[in-house]
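Please read the following report alongside the sequence and the model.

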Amino acid sequence: MKDLQKDFWLTIVRQVPETNQDQLSPEITESGMGTPWQIDPDDPIIGYFQEFPEAVEIEELNLNSTALDQLSEFGVKLVVPLINQGKLVGLLNLDEQSGEENYIRNDRRLLGNLANQAEAMLKIAQWVRSRQLEISEREDLEHDRRIANVIQETLIPREVPFLPGWQAKTYWQPAKEVSGDFYDFFNLANGRLGLVIGDVTDKGLPTTLVMATTRSILRDEMIRKASPGQVLSKVNNLLCSDIPHNMFVTCLCAILDPNTGNLSYANAGHNLPICQRMQGIEELRATGMPLGLFPEMVYEEGATTLEPGDKLLLFSDGLVEAHNKDREMFGFGRLRELVEDCIGCEGLEDILLSKFDEFTGEMWEQEDDVIIVSLQREQLSRASDGASSIQSSQEGSWIVLGEFSLPSEAGVERLASEKVLQVMKNLPLNKAQKDRLTTAVAEATMNAIEHGNQFDPKKPVIIKVTASDSAVSVHITDQGGSLIVPGSKEPDLEAKLAGLESPRGWGLFIIRKMVDHFEIISSEFHHTIILTMFLGGEADAR
Amino acid sequence: MPVNLIEASLRNLPDLIIIDLRGEIDAKSEELLDQVYSDAEKMNPSAIILNFSKVGYINSTGIALIVSMLAKARKTGVKLLAYGLSSHYIEIFQITRLSDFMKIFPDEASALSAIQHKTDE
């Protein structure tokens, strides 16, 4: 609790008749009962009264005291100290007795008694007042905290981007006090993905507001600028003019081309991302000053390729700077070691979090947000008709004509076909080819909804249409990588007609017969059926 | 999503029934197709003709329903024929080999004349 002597000096003055008001200092007139009047804690009057706790005429005092001079100026004649537990908690100040020269002994005794009563009450009043101030201060802080919290929660993305062939995961555990940590994903031109993670210094509402601003500027610049270095440079210049002088922002900015795995990145003083590869781990280095400190900074750009199976790991200070009960830090070394130990194993994030929980222990007081963002290029296994993958054999020459996602609801397969036909309406396909693709797309979409996504409306079916000079491909991706693709053995119609086999099971068989090339790519998380039709092909008869 | 309905009606001709289908044949058609086929069967025709000329869409589940009908027909010795299929669905009936067990005609007249011809023989 605060030292009451310092903060809450009360002066009790006689009610002043209106005619006399101008003779008194305005402070006293306005203060009245219960309003604080501060006495410097070093003023000798405090020591004097604590040593001699008795009523005294101020004329009798010979102290070099500002408070005494003020009392004298206010016309105070007699001062009765209010002492509680040996400490001066207030003064009972009286001006001249009306009609009489001096306060007589009896008056003083009476005042002494009054002071005794007043001391305890005053102490209680002071305590109540201090509590009220504390509560109001706390309420203000809580109010700010709530606003900051809403802002941060609104801006942190809830969903990870869906990229066929990639698996993104995020983890965010906010600290009690709102921090300036953030991460975000942006869909950029040509199917590229923008990725940022950052941290604004300090905590609380102002920090969150700077975070929100930074994120908006980043979003805007990511769409305009071609490279992460250019983005950070522009954002830095914009922030420099607006950011409070004691704040800055660390930020890692990366752009991924999901088709090739090429990743370019620039770093404004944020933690180095770790790339986990089969052959070891690598920290992706690129130098640059934090944002908002100095204008016209240049940000070094790095580039790497994420091969199938590689994983990129981004994280916040809250992870590496967390302390355990022995005040030991989790640290970069421990993190790197863990990521390295996890090469080739599944669920790095879960392992990391469980080791982190183990380290921090149950009674951990979390000081900062813990954020982990990971992006893994999936290991692929292919099953296809024909010797090699059409897509990979012509890598680079394919362009994306369109991409969309549909909820896993019965009947959506027709819509999928319609949208695919719409996307490829300018391609040289004859009516029979279009009919076949319509059927194949609808069947493959139905498969994805029924088998891959188990009719879970939250799991989308992602459809991408790509084209080269000679062919068009439709990629239909579900979210059910762990499920086995139903076998596509040729249905035995005789057995079905004889009731020896279910009349069903035509889907994959029909799909295969409808297209020129058929391929299923399965990963841990998805199946993608790729249907390819050669352009300008044969006439309608097949 | 729009609810895609299938409609079916029976036409009773001497010794044969024509089932006029209209709409889309998929999983939602199962109950109706079962019902209409069993109604047709009760009339003891020697042949049942499926009219697909107003059917715009048949998916793999629809194919399975037609396979079921064909299995029933073969069990009871009823001839099952079809007409009015688009060239795309004729292709699908061919690749699934349904057409090996179920004669397909371009239109009602050709289907009827084939039955007539068969009867005359």
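## A charged pair within one helix

The side chains of A:E134 and A:R131 come together in a salt bridge, with N to O at 3.2 Å; a salt bridge here is a side-chain nitrogen of Lys or Arg within 4 Å of a carboxyl oxygen of Asp or Glu. Because A:E134 and A:R131 stand three residues apart in helix α5 (residues 105-155) of chain A, about one helical turn separates them. Helices (H or I, at least four residues) and strands (E, at least two) are DSSP runs, numbered from the N terminus. A:E134 is partly exposed at a relative accessible area of 21%, and A:R131 is partly exposed at 30%, where buried means under 20% relative accessible area, exposed over 50%, and partly exposed in between (1.4 Å probe, protein chains only).

This is a predicted model, in which local features need pLDDT of at least 70 and side-chain atom pairs count only at pLDDT 80 or more, while totals for chains, interfaces and linings use all residues. Residues are numbered from 1 along each chain as its sequence is written, chains are lettered from A and ligands numbered from 1 in the order in which they are written, and side-chain values use heavy atoms, with hydrogens and water left out.

Over all chains, the structure holds 27 salt bridges. One of them joins A:K311 to A:E349, whose closest N and O atoms are 2.7 Å apart. This pair links distant parts of the chain, since A:K311 lies in strand β13 (residues 311-315) of chain A and A:E349 in helix α10 of chain A, 38 residues apart. Both A:K311 and A:E349 are buried.

In chain B, the side chains of B:D34 and B:K72 meet in a salt bridge at 3.4 Å, N to O. B:D34 belongs to helix α1 (residues 30-42) of chain B and B:K72 to helix α2 (residues 60-76) of chain B, so that the pair, 38 residues apart, links distant parts of the chain. B:D34 counts as partly exposed at 34% relative accessibility, and B:K72 counts as partly exposed at 29%. Salt bridges that share partners also join A:K169, A:K311 and A:E349 into one network.

## Aromatic rings

A search of the whole structure finds nine aromatic pairs over all chains; rings of Phe, Tyr and Trp (its six-membered ring) pair if their centres lie within 6.5 Å, and planes under 30 degrees apart count as stacked, over 60 as edge-to-face and the rest as tilted. The rings of A:F330 and A:F356 have centres 5.2 Å apart and planes at 80 degrees, so this pair is edge-to-face. A:F330 sits in the loop between α8 (317-320) and α9 (331-341) of chain A, and A:F356 in helix α10 (residues 348-360) of chain A, 26 residues apart.

A:F330 is buried at a relative accessible area of 2%, and A:F356 counts as buried at 1%. Ring pairs link A:F330, A:F356, A:F359 and A:W364 into a cluster.

## Where the chains meet

The contact (heavy atoms within 4.5 Å) takes 24 residues from chain A and 23 residues from chain B. Four salt bridges are counted between chain A and chain B; among the salt bridges of the structure is that of B:E30 with A:R504, at 3.3 Å, N to O.

On the side of chain A that touches chain B, the elements giving two or more residues are α12 (412-423), α13 (431-452), α14 (493-497) and α15 (507-514) of chain A. The largest share, six residues, comes from α13(A).
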